[in-house]
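Please look over the sequence and the structure shown below. The report that follows takes up a few local features in turn.

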Amino acid sequence: MTFSFDCPKCGKTLKAPDGASGKTAECKFCHTKLTIPLVGVDKAEGEAEQLAFEMISATARTQRKDPRATLVVERLSPEYLRTRSQYSPLLQRAIWDYECGLFDDSQRALIDFLVQSQVDFLEKSAAMYLLGLICFEQGKLPNACKIWGTLREECPDSYEAKMVEDRLGEMRQGLGDGSDEYVEELRATMYLKNGDSWVSARKAGFYVDPAYINNIEAAVHWYDKTIAEFPDSTAGRLAHEAKLKALIGWKDKEDFGIAYGAMGEFSEYMPRVLEAYNAFEKSFSEAPSLQPIRYQIAQLYWMNKDFINTEVWLKKVIDQGSGDDSYYVDLANRRLNKLSASI
């Protein structure tokens with residue numbers, strides 16, 4: 001006879017023969033060393049606790065067909081719940097506030113908890129994970145990325161850090177926007193804002209009439225200045241991304257659908273897009289935004305009926321995905337199938 005139990009790390013269901021309780025084994029899915037739990041009374045208690053948890057917890061809510069929630073689905077084990085019961089009262093309150101849908105109260109409690117002078121390592125990682133999860137469920141993806149990025153940096157060996165590790169890159173690809181990231185250098189911040197002012201619809205400060213001024217060239221000037229002065233910084237990476245977005249271009253829905261950048265003047269801007277891409281990839285080869293940019297380049301070729309280069313760049317997206325079934329890899333495969341059927 002066998003009995004089932006869940007891996008405390010990956011949550012996958014495992015089976016063990018009767019009599020194996022208390023022995024050390026290895027999860028066949030994530031290869032974590034674990035102790036096989038006791039059966040009988042402890043098993044029944046664990047199943048009841050798990051059932052109660054699934055009835056009231058936010059984790060159960062993530063099992064709905066919510067596209068955002070697919071990134072954070074995680075089944076927590078009864079062992080994890082027992083650990084949680086030992087948390088400090090303030091952290092436990094934050095968790096209960098969250099599970100009751102009192103997100104603002106939970107955020108305040110979590111922040112109050114994290115700014116304390118002495119915070120236990122395990123409790124700190126749990127609090128940072130939950131704080132990021134609240135931002136994620138509220139659709140504040142830049143904030144969630146920031147908090148979980150800090151979680152990975154400050155608590156790299158924690159259970160929660162491993163939970164978000166694979167999801168951060170995927171989230172940042174889908175986000176495709178680092179505008180809310182913190183840049184330490186004040187001068188670099190000024191340069192980035194100067195560039196953004198030419199290619200964004202935001203109205204801030206005094207009104208500037210942009211008539212007869214090439215917005216893209218004005219923006220690129222400031223992005224290049226940032227790249228030159230802060231080449232290996234966060235500001236430099238953001239400037240590379242912003243420069244590529246400006247050169248790739250956009251269609252203005254309010255201005256008679258006029259297209260700018262490579263979307264409007266393909267032959268003029270496309271060589272500059274490729275040059276900017278090569279510089280970005282060379283400087284920041286692991287940047288999450290490279291995948292959406294690669295797809296944008298393939299899309300530009302597609303729009304201009306250059307199907308040979310479309311195929312080249314779609315395959316580049318797929319190859320760089322390293323076999324992952326990520327959003328842009330799936331998108332590239334679908335476009336490639338359509339391309340093959342059209343030729």
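## Lysine 305

With a relative accessibility of 64%, lysine 305 counts as exposed, a word that stands for over 50% relative accessible area, just as buried stands for under 20% and partly exposed for what lies in between (1.4 Å probe, protein chains only). Lysine 305 lies in the loop between helix H13 (290-303) and helix H14 (307-320), and although lysine 305 is not a glycine, its phi is positive, at about 60°. Most residues other than glycine have a negative phi.

## Basis of the model

This is a predicted model, in which local features need pLDDT of at least 70 and side-chain atom pairs count only at pLDDT 80 or more, while totals for chains, interfaces and linings use all residues. Residues are numbered from 1 along each chain as its sequence is written, and side-chain values use heavy atoms, with hydrogens and water left out.

## Serine 125

Serine 125 belongs to helix H6 (residues 121-137), helices being DSSP runs of H or I with at least four residues, numbered from the N terminus. Its relative accessibility is 0%, so serine 125 counts as buried. Apart from neighbours within four places in sequence, serine 125 is in contact (heavy atoms within 4.5 Å) with Leu151, Cys155, Ser158 and Glu160.

## Helices H9 and H11

Helix H9 (residues 186-199) packs against helix H11 (residues 234-248) at an angle of about 10°, and their axes, lines fitted to C-alpha atoms over the stretch in contact, are 11 Å apart. H9 and H11 are therefore roughly parallel to each other, a term for angles under 35 degrees. On the H9 side the contact is made by Ala188, Leu192, Asp196 and Val199, and on the H11 side by Ala235, Leu238, Ala239, Ala242 and Ala246.

Technical notes. Axes are lines fitted to C-alpha atoms, for helices over the stretch in contact, and angles run from 0 to 180 degrees between N-to-C directions. Helices (H or I, at least four residues) and strands (E, at least two) are DSSP runs, numbered from the N terminus. Angles under 35 degrees count as roughly parallel, over 145 as roughly antiparallel, 65 to 115 as roughly perpendicular and the rest as oblique.
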